[in-house]
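Biologist: Before I rely on the labels attached to a structural model, I should like to hear the reasoning behind them. Could we go through them one at a time?

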Amino acid sequence: MTGPLTLATARASLEAACDDLDEAVGGLSDDGDAVMASPALVALLLRVVGARRDLRGVEGFDEGFDAARALDRPRNETRQ
């Protein structure tokens, strides 16, 4: 069982995820050709997104995240 997520561990998790993603993307072709994301690359992207959400939660940005998500709704959808 793990303890509560702390600011330091959330930042370290995001930093590690970003470093791994940078390394993976750095190995991709840079000749202008289209590249298809592999399942491993998609997993890295999801890891970064999850780590960012964790960090925001620890920092207390849940309200800001909800507000930003509300702005992303289609214009014809009613806001509550």
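This is a predicted model: local features need pLDDT of at least 70, side-chain atom pairs count only at pLDDT 80 or more; totals for chains, interfaces and linings use all residues.

Biologist: How do you know that the span of α1 agrees with its number of residues?

Modeller: The expected span is 1.5 Å times one less than the number of residues. For the 20 residues of α1 this gives 28 Å, and the end C-alpha atoms are 28 Å apart, so the two agree.

Biologist: What can be said of the length of α2 in the same terms?

Modeller: Helix α2 covers residues 39-59. Its 21 residues reach 30 Å from the first C-alpha to the last, close to the 30 Å expected. After the helix comes G60, with a positive phi near 85 degrees.

Biologist: Which residues of α1 are buried, and what makes them one side of the helix?

Modeller: The buried residues in α1 are A10, L14, A17 and L21. They cover an arc of only 65 degrees around the axis, and therefore lie on the same side of α1. The face turned away from that buried side carries A8, E15, D22, E23 and G26, which are exposed. The cover over the buried residues of α1 includes α2.

Biologist: Why are the buried residues of α2 said to line one face?

Modeller: The residues concerned are L41, L44, V48, A51 and L55. Viewed down the axis of α2, they fall within an arc of 80 degrees, so they line one face of the helix. On the face turned away from the buried side are the exposed residues P39, L46 and R53. The cover over the buried residues of α2 includes α1 (7-26).

Biologist: Why is V48 called buried?

Modeller: The term buried requires under 20% relative accessible area. V48 has 10%, so V48 is buried. This residue lies in helix α2.

Biologist: With which residues is V48 in contact, beyond its neighbours within four places in sequence?

Modeller: Those residues are L14, A17, C18 and L21. Although V48 and L21 are 27 residues apart in sequence, their C-alpha atoms are 7.9 Å apart.

Biologist: What makes D20 and R47 a salt bridge?

Modeller: The rule asks for a side-chain nitrogen of Lys or Arg within 4 Å of a carboxyl oxygen of Asp or Glu. In the pair D20 and R47, the closest N and O atoms are 2.7 Å apart, and the pair forms a salt bridge. It links distant parts of the chain, since D20 belongs to helix α1 and R47 to helix α2, 27 residues apart. By this rule the count is one salt bridge.

Biologist: Why are D20 and R47 each called partly exposed?

Modeller: Partly exposed covers values between the limits for buried, under 20%, and exposed, over 50%. D20 has a relative accessible area of 33%, so D20 is partly exposed. R47 has 36%, so the term applies to R47 as well.

Biologist: How do you know that V58 is partly exposed, and what makes it part of a surface patch?

Modeller: V58 has 31% relative accessibility, and therefore counts as partly exposed.

Biologist: Where is V58 placed, and with which residues is V58 in contact, leaving aside its neighbours within four places in sequence?

Modeller: V58 is in helix α2. Its contacts of that kind are L5, T6, L7 and A10. V58 and A10 are 48 residues apart in sequence, while their C-alpha atoms are 7.4 Å apart.

How values were computed: Residues are numbered from 1 along each chain as its sequence is written. Side-chain values use heavy atoms; hydrogens and water are left out. Helices (H or I, at least four residues) and strands (E, at least two) are DSSP runs, numbered from the N terminus. Buried means under 20% relative accessible area, exposed over 50%, partly exposed in between (1.4 Å probe, protein chains only). The arc is that of the directions from the helix axis to the C-beta atoms. Contact means heavy atoms within 4.5 Å.
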